[in-house]
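Welcome! Please take a moment to look over the structure shown here before reading on.

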Amino acid sequence: GNPRFYECEYEGQKGYALIGYLWPAPECEPPLSSSVTKKMTMEEVIGTGEVVLDWKDCNMSVVAAHEWVEENKKRWEVLRIGCFINDSPIWGHEERAEEFGQYDQLKVFIGGVSDDWQVMVYNGAWGLSMLDLLSGKERWCVTTGNCSLGNAAATAVGKDGTVYVAGTDGPDPVAITQDGIVLWRSDVNNPDVYGPYEITVDNDAILVKYESGMTDGYKLVTLDSNGQLISVRNQKNEQ
């Protein structure tokens with residue numbers, strides 16, 4: 001007979017769902033974004049863009065540049081990443097996303113841990129990916145379909161490699177392990193808290209700064225290591 005269960009995945013966890021509890025997803029156009037892996041020289045990586053990452057560890061380096069380009073009457077955000085050993089190209093990666101709203105969608109930062117560094121690529125239209133430092137190949141991707149994170153994401157990486165992300169579409173931060181498993185999504189649930197722009201990890205606490213329409217300061221949200229809300233405080237900008 002017909003199967004009663006479908007295998008599925010939710011927030012990184014695989015399992016089975018009873019068919020009676022499922023229904024078709026609404027039809028919608030997929031986000032316009034793309035990625036290409038190709039070896040690039042330092043000049044090709046930087047091009048006419050702004051350098052947004054210049055990381056070095058011994059003889060290995062990762063450089064990334066970000067810019068906006070006009071093509072086919074559309075405005076595209078472009079992020080180029082290059083990995084080098086002794087300044088010789090090892091791999092390159094280009095990520096593109098069509099302009100959407102007022103916020104940037106693309107971001108790159110270094111993740112992993114001290115003896116296993118990796119390159120993290122964030123695309124608000126697609127998801128969060130980990131690229132292998134030595135090969136540039138994608139190790140895993142948490143798509144926005146599984147965990148909506150929003151554009152203009154603020155990010156941080158803990159000592160154990162856990163990645164913390166907070167974006168405009170869902171300002172409540174998400175914790176993702178270095179293996180690509182969603183640990184938790186916090187529940188700030190406060191309409192006066194929005195516009196995350198910086199995350200720091202302080203021992204067992206996660207501190208998130210939000211613009212929240214404040215001109216001379218910010219709202220500081222403090223979470224514990226399990227994503228539980230500890231406090232929300234108004235802070236003045238340091239002079």
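The sections below cover a pocket, an asparagine and the cysteines.

## About the model

This is a predicted model, in which local features need pLDDT of at least 70 and side-chain atom pairs count only at pLDDT 80 or more, while totals for chains, interfaces and linings use all residues. Residues are numbered from 1 along each chain as its sequence is written, and side-chain values use heavy atoms, leaving out hydrogens and water.

## The second largest pocket

The second largest pocket has a volume of about 250 Å³. A pocket here is an open set of points on a 1 Å grid over the protein atoms alone, where a 1.4 Å probe fits, with protein on both sides within 12 Å along at least five of seven lines.

Its lining (residues with an atom within 4 Å of a point) counts 13 residues, and G158, K159, Y164, V201 and N203 lie nearest the centre. Strands β15 (182–185) and β17 (205–210) each give at least two residues to this lining; strands are DSSP runs of E, at least two residues long, numbered from the N terminus.

## A buried asparagine

N123 belongs to strand β9 (residues 116–123). Its relative accessible area is 1%, so N123 is buried (under 20%, with a 1.4 Å probe and protein chains only; exposed means over 50%). The side chains of N123 and E95 are joined by a polar contact of 3.0 Å, a polar contact being a donor and acceptor pair of N or O atoms within 3.5 Å.

## Cysteines

The structure holds zero disulfides (pairs of cysteine sulfur atoms within 2.5 Å). C58 is exposed, at 77% relative accessible area, whereas C83 is buried, at 0%.

Methods
Grid points are joined across faces, edges and corners, and a volume is the space filled by probe spheres set on the points. Helices (H or I, at least four residues) and strands (E, at least two) are DSSP runs, numbered from the N terminus.
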